[in-house]
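Please keep the sequence and the 3D view open while reading.

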Amino acid sequence: MLICQCNAIHRRDVVCGGGAALLGAIVATLIGSGKPLRAEAISGKVPEVDRVAVRVVVDSYQFAVAPSRKVSGVEIEHFGWGIGGGKPPGKTLISEFGLSMHVESRRGTETRNVLMDFGFTPDALVKNANLIGIDPTVLDTLVLSHGHYDHFGGLAGYLKQNNGKLKAKLPIYIGGEEAFCSREWTAPPVRGDFGALDRKALEDANVAVTYAEGPALVADHGFSTGPIGQTSFEKLLSPSAMKIGVDHGIGCYAEKLPEDERTKAVIPDQFRHEIATAFNLKGRGLIVLTSCSHRGVINAIKQAQAASGINKVHAVIGGFHLAPYKEDYVRDTIAALKNMDVDYVIPLHCTGEPFYEIAKAEMPNQLLRSYTGTRFIFTA
């Protein structure tokens, strides 16, 4: 497998070159030393898949009696109570302000499984994944969208709980060294320590930290957008500050960060490492998983389009981070989604109720409601 690093956002710049023998030696050295790998760059067209099933493993809200349904080719399965086996229920899904999604994709007879983001607590992630029936032994890739606690908080506990069950050297895709920086929450309602991604927990779990610093393949079926450019009207939302440096093994190595960040102690988070994940569904278009959209949901979609060369967007699902914005800004986002002719819009996590209420009136046929445990099945 050719592994290389690409940093550009346009598809024409995506393909990397290099000597296979030299790269093979570099990769072998990196694996032996536990240092990050570089994700396999997209070469040519992005993969085309026949089916994509997205399960919301952790989100803020569960409505157990919501009926499952089918909407114009999209199957929507709500989880319910978790009742079965002829016994009263002993547990149900945990909802919290965090996000985790599981994606099962199919291409012909091939199936791939990706776990994307890991919620706020290991308790929620581990219990929900077990109850929903996500088999850790079949996971092909892990993806962390960005270095915020409500997206990585459950990771270390999940890895520990499934020690020995995950595939050896299971890749975990990360947008770059910034993901490891310690962070402080600086926005309302209260300031405070927002934690740091545990590098040692990843090493102990024998996963392969893989930097997706440009458009890159994900489990052979999907792709990571790489860094999300700011090309639309959207403004960067930075509710956290990023601490530069390593203290007792925790934090980010300054020399691996962009030059303008290396000499500073604390800077407002710019989310240069934030990545989205997408799949190209045959005959339908892109399914874009945005996670949190600190750099803008429209920008994330544009990045996926640029990386793939595909303009049609079948669905966008994830946190749109619009809760802090005023109504005019929310309306501008909805207008942009309508202009992009997105077939389905599925807001999660940090999107906020104002978006849902306005979108329900403005684009009722495109808006789909999701809860913790909901599964969306898109077919070619």
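The sections below cover strands, cysteines, aromatic rings and salt bridges.

## Basis of the model

This is a predicted model: local features need pLDDT of at least 70, side-chain atom pairs count only at pLDDT 80 or more, and totals for chains, interfaces and linings use all residues. Residues are numbered from 1 along each chain as its sequence is written, and side-chain values use heavy atoms, with hydrogens and water left out.

Helices (H or I, at least four residues) and strands (E, at least two) are DSSP runs, numbered from the N terminus. Two strands pair if DSSP finds at least two bridges between them.

## Strand pairing

Strands of a sheet pair through backbone hydrogen bonds, either parallel or antiparallel. Strand β8 (residues 171–174) runs parallel to β7 (residues 141–143), joined by two bridges. Here I172 of β8 stands opposite L142. Strand β8 also runs parallel to β11 (residues 208–211), with four bridges. Y173 has T210 in β11 as its bridge partner.

An open sheet of four antiparallel-paired strands has the order β10-β9-β14-β17. Strands β10 (192–193) and β17 (266–268) are at the edges, each with a single partner strand, so one side of each has no neighbour in the sheet. Two bridges connect β10 to β9 (residues 182–185), and the two run antiparallel. W185 faces G192 of β10.

## Cysteines

A disulfide is a pair of cysteine sulfur atoms within 2.5 Å. By that rule there is one disulfide. C181 and C252 form the link, with sulfur atoms 2.0 Å apart. The link is right-handed, at 95° about the S-S bond. C181 sits in the loop between β8 and β9, and C252 in strand β16 (residues 250–252), 71 residues apart. Relative accessible area is scored as buried under 20%, exposed over 50% and partly exposed in between (1.4 Å probe, protein chains only). C181 is buried at 1%, and C252 is buried at 0%.

What is the distance between the sulfur atoms of C292 and C350? The value is 3.4 Å, and C292 is in no disulfide. C350 is in no disulfide either. C292 is buried, with 1% relative accessibility, and C350 is buried at 5%.

## Aromatic rings

A pair of aromatic rings is described by the distance of the centres and the angle of the planes. Rings of Phe, Tyr and Trp (its six-membered ring) pair if their centres lie within 6.5 Å; planes under 30 degrees apart count as stacked, over 60 as edge-to-face and the rest as tilted. The count is nine aromatic pairs. F63 and Y371 form a tilted pair, with centres 5.8 Å apart and planes at 45°. F63 lies in the loop between β2 (51–58) and β3 (69–71), and Y371 in the loop between α9 (353–362) and β22 (375–379), so the pair ties together parts 308 residues apart in sequence. F63 is partly exposed at 37%, whereas Y371 is buried at 11%.

F320 and F355 pair edge-to-face, at 5.3 Å between centres and 85° between planes. Both F320 and F355 are buried. Ring pairs also link F120, Y149, F152, W185 and F194 into a cluster.

## Salt bridges

A salt bridge is a side-chain nitrogen of Lys or Arg within 4 Å of a carboxyl oxygen of Asp or Glu. The whole structure has 21 salt bridges. R375 and E104 form one, with the closest N and O atoms 3.6 Å apart. R375 is in strand β22 and E104 in strand β5, so the pair ties together parts 271 residues apart in sequence. Both residues, R375 and E104, are buried. A salt-bridge network links R51, E77, E104, R106 and R375.

D123 and K127 meet in a salt bridge at 3.3 Å, N to O. Both lie in helix α2 (residues 122–132), four residues apart, about one turn of the helix. D123 is partly exposed at 42%, and K127 is partly exposed at 44%. K312 and D343 form another salt bridge, at 2.8 Å, N to O. K312 is partly exposed at 30%, and D343 is partly exposed at 24%.
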